[in-house]
Amino acid sequence: MTAGRQARAVRLGPRSVAALVLVSAIGVMAFGWPLLGDSASGLAHSQDAPWLFAALLPMLLAVVLATIADGGLDAKAIAMLGVLAAAGAALRPLGAGTAGVEPMFFLMVLAGRVLGPGFGFVLGSVAMFASALLTGGVGPWLPFQMLTMGWVSMGAGLLPGAVGDPPAGARPRAWGKLRGRRELALLAAYGAVSAVLYGLVMNLQGWPYLAGMASGVSFVPGDPLDENLARYVAYCLATSLGWDLPRALVTVVLTATLGGPVLKALRRATRRAAFDAPVSFGEG
């Protein structure tokens, strides 16, 4: 491997992409179906969450198996996954979500950036699961948190300029990698947006619990989509924005102050591990 090349721990092959698309599609349906449900649908995420959790674990395993089959995941990548998931789980209790102080987002964004979208999705989901076991935060919200954090880390891996090697047919000068202050600015902006979107998406998990309450922000099964969306926006403004904005601010501050050294450490570890190096056996 050349010195300037940035390898990814999980290379997305066709089976990996198919598995990620399937998991994400099921996740979107799990979050969004209450908006399209009728008044007789018996909406309660507390009832469907155990089924989603039971489906999510084998789907995550399917992503891992698909990446192994595509040649993108080996023992070294799995070891790094364990280390980073443990680090993310350890960071979460530092704020425990208090007033939006969640330093875990910072690490998930940077790790997804360096190690790629496939690794990022699995890392975000596993780290959230481990942190829930550590903090006692196991409940009907956990599978939704795992999915959403997986999307946050995966999205960081899809940002432009992560790898310096151009794809076939691309001009090297036009493809160049993004590094330094420009990269930190990109990651800080993405971290801020994803931190807010995380809260907005997670609200879809708890908001249907308000169905039938005498409130201008409660969910009304069977009402037109635009009316429920208006109530949902009002609900987000009234309840979670006070956590979402501080979460975004903390992510930006940590990225700006610690992002450079952490990115260098992750890239150095990835180069030394040589995840995508071919294995060869010498004679006797």
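Let's start where helix 4 meets helix 8. Phe105, Val109, Leu110 and Arg113 in helix 4 touch Glu183, Leu186, Leu187, Tyr190, Gly191, Ser194, Ala195 and Tyr198 in helix 8. Contact here means heavy atoms within 4.5 Å. Helices are DSSP runs of H or I, at least four residues, numbered from the N terminus.

This is a predicted model: local features need pLDDT of at least 70, and side-chain atom pairs count only at pLDDT 80 or more, while totals for chains, interfaces and linings use all residues. Residues are numbered from 1 along each chain as its sequence is written, and side-chain values use heavy atoms, with hydrogens and water left out.

Back to the pair. The axes of helix 4 (residues 104-115) and helix 8 come within 10 Å and cross at roughly 125°. Those axes are lines fitted to C-alpha atoms over the stretch in contact, with angles from 0 to 180 degrees between N-to-C directions. That makes helix 4 oblique to helix 8.

Next, helix 9. Which of its residues are buried? They are Asn228, Arg231, Tyr232, Tyr235 and Cys236. Seen down the helix 9 axis, the buried residues fall within an arc of 140°, so they line one face. The arc is taken from the directions from the helix axis to the C-beta atoms. On the other side, Asp226, Leu237 and Ala238 are exposed. Buried means under 20% relative accessible area, exposed over 50%, partly exposed in between, with a 1.4 Å probe and protein chains only.

Last, Arg179. It sits in the loop between helix 7 (172-175) and helix 8 (180-206). At 26% relative accessibility, Arg179 is partly exposed.

Note on methods. Helices (H or I, at least four residues) and strands (E, at least two) are DSSP runs, numbered from the N terminus. Angles under 35 degrees count as roughly parallel, over 145 as roughly antiparallel, 65 to 115 as roughly perpendicular and the rest as oblique.
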